[in-house]
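Please look over the structure below and read the report that follows with the sequence beside you.

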Amino acid sequence: MSHPDFDGLRAAVEDAAARAPFDSLLARARGRRRRRRAAGGTAALGLVGALATTVLVLPGTNRVIDPDPTPPVTAEPAPSPTGPTGRPARQLIQTAFGSTTAYALLGGCTGTGPAACAYEVLSSPDAGRTWSRLRTPLPPLPGDASEGFAAQLLVTGEDDLTLLDWLRGRAYASTDKGRTFATRAIRMGPPIDGVPPGLQVSATQCAPARCQAVGLTVFDPATGLIAPLRSQPPVGSEPHGVSVGDDGRIWAAGQDGSLLSSAVSRDRGRTWRKLAPVPAGGRLRLVRVVALPGREAGAFLLAGRNSPNVLNTFSDLWRLDDPDPRWIRVMPPGAPPSALSVVGLVKRELLLTEEEGGAWRTSGRGTRIAREPDPQAPGLALPLRLLYRTGGLLVGQLDVSMLVSEDEGRTWDYRIVVAG
Amino acid sequence: MSDRVRALYDGCYRRLVAQVYALTADVGEAQDAVQEAFVRALAEPRSFGRVDNPEAWLRVVALNVARRRLRRRSHLDRLLRRPPAPEPDPVDGLSPDHVALVAALRRLPASQREAVALHHLADLPVAEIAELTGVAVGTVKTRLARGRARLAELLADDPAATTNGGGTGVPP
């Protein structure tokens, strides 16, 4: 084939391209406009404080572990109104709560040039009611910042703060609540026997049979090492979901060929018990396991088949009731098509959010589901987007605001946070 | 405005997916990127309404979205010393020659692949590619020449190009 047939290739791909319904794109755009309006409202409230920087923060969690070391959705640069030139606007990247201190990471750009974009780090001593700015060790970024703000916050132990700069392979660790930072090079470490106390376990995804760091790993801020667990859960080549319960059990799930496999560890990842797999029903894009709050409370397993239209597609739900080690399929009719974030509730139910905003609550142990009313901020209805559990609180994250619930999401307290 | 975007969606969507596909080598990623571009157009009707060439705007946004995702994944792959993601399944209905062409494209350096894709799949003139990628016209010409030469080698001589290519899919 001396003359590549680009025209034929183009035609074949055009034929194969699947189209999302236009109405679904309209709905996504409406959700963004609504959130932008909400952001404008919160920014206006921030100006009441007569402070130069308007920063709205919501806590992350150190209990629900994202299956990828990158931050979840907040790491994606906000949609740029300038489009092709695309410099990200000022944005909240991530938050995390320690025992007595909350931290927030933000990014923003001013002008152009090699250092036009910068990170900000804030801390709060009162669960996000007041905030102060910390000295930021993260270096600035070029004005195009086309890779987005890819740094991440991590809180371990009581209030130890680590800033992870994945692009440069650097971690900045602080044990004095962000007053000083020690710099570490992030690198792979040797396998470890279990998750050390105070550290978090994450799932890194890898190609089968070719990866040194496949599976569950633990990042240690004191050394900068990412260490794989010596004993990996038997859930196929790529564990995609991991969750740590209040009782210390670690749950993991992953696709294993045509099956969705899961396993649980009672000894911090030293040994694993494989649970009976369930059929995957195709290539999965979303696999998430959620340990329910409380001791021996069971778990939920969420899955979503590959879809061209939805990123965090949600198509299946299973429940496991302790001590019965079997998954029971309970996918409720009328569930939303996506599950961007999900938290387990004390009453052995789930609260989840969909990509376009809006929360859904299950009942009947996952057999029914209904859309929650949008929480009310002053003069605004704010559809929840990202949800976290931290301590006894649920925290809902919009693009630039924070809602906190002390009653499992029945009522929400709107908190505006401005760097002072 | 939404009627205008809907008309573009009906008329340009498949063409844009094919153009972005040459960069991503994954039709799902290409679809996501193009749909994201349309969502941005709908979310910013005033800005989009001022655009002179809407299809070019959508193409640039979709390519930027795809590029950013590829770059982030590549950074993480390097950082975690993990191999790149396995190559996606080929698009249904591709002939063996087209599968070989995609495999060969995957083995080109990213800059050459982008130049070849934009020129031969998106039909963009060299000057427009230069503007789009932020490099000189001469650089684009060099990349095109080297990319075409490498493609010819791969398609003529290397049997790997007719299997899965063995490439990374996402060269740094």
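## Chain B as a whole

Chain B holds eight helices and zero strands, where helices (H or I, at least four residues) and strands (E, at least two) are DSSP runs, numbered from the N terminus. This is a predicted model, in which local features need pLDDT of at least 70, side-chain atom pairs count only at pLDDT 80 or more, and totals for chains, interfaces and linings use all residues. Residues are numbered from 1 along each chain as its sequence is written, while chains are lettered from A and ligands numbered from 1 in the order in which they are written.

Of the 172 residues in chain B, 46% are buried; a residue is buried if 20 or more other C-beta atoms, placed from the backbone, lie within 10 Å of its own, exposed if 12 or fewer, and partly exposed in between. Among the contacts in chain B with a separation of 6 or more, 70% come from residues 24 or more positions apart, a contact being two residues whose C-beta atoms, placed from the backbone, lie within 7 Å.

## Helix α6 of chain B and its two partners

Two packed helices are described by the angle between their axes and the distance between the axes. The axes of helix α1 (residues 2-24) of chain B and α6(B) come within 9 Å and cross at roughly 160°; such axes are lines fitted to C-alpha atoms, for helices over the stretch in contact, and angles run from 0 to 180 degrees between N-to-C directions. The two helices α1(B) and α6(B) are therefore roughly antiparallel, given that angles under 35 degrees count as roughly parallel, over 145 as roughly antiparallel, 65 to 115 as roughly perpendicular and the rest as oblique. In this contact Ala18(B), Gln19(B), Ala22(B) and Leu23(B) of α1(B) meet Arg113(B), Glu114(B), Ala117(B) and Leu121(B) of α6(B).

With helix α7 (residues 126-133) of chain B, helix α6 (residues 110-121) of chain B has axes that come within 10 Å and cross at roughly 135°, which makes α6(B) oblique to α7(B). Here Glu114(B), Ala115(B), Leu118(B) and His119(B) of α6(B) meet Val126(B), Ile129(B), Leu132(B) and Thr133(B) of α7(B).

## A hairpin and a loop in chain A

In chain A, six of the six residues of strand β11 (residues 215-220) are buried. Strand β11(A) pairs with strand β12 (residues 225-228) of chain A in the antiparallel sense over four bridges, and two strands count as paired if DSSP finds at least two bridges between them. Asp220(A) has Leu225(A) as its bridge partner in β12(A), and in the hairpin, which has four residues between the strands, Gly224(A) takes a positive phi near 80°.

Leu199(A) lies in the loop between β9 (187-188) and β10 (201-204) of chain A, and with 18 other C-beta atoms within 10 Å it is partly exposed. Leaving out residues up to four places away in sequence, Leu199(A) touches Thr156(A), Val218(A) and Asp220(A).

## An open sheet in chain A

An open sheet of four strands in chain A has the order β17-β18-β19-β20, with antiparallel pairing. Strands β17 (284-291) and β20 (327-329) of chain A stand at the edges, each with a single partner strand, so one side of each is left without a neighbour in the sheet. Strand β19 (residues 316-320) of chain A is joined to β20(A) by three bridges, and Arg319(A) stands opposite Ile328(A) in β20(A).
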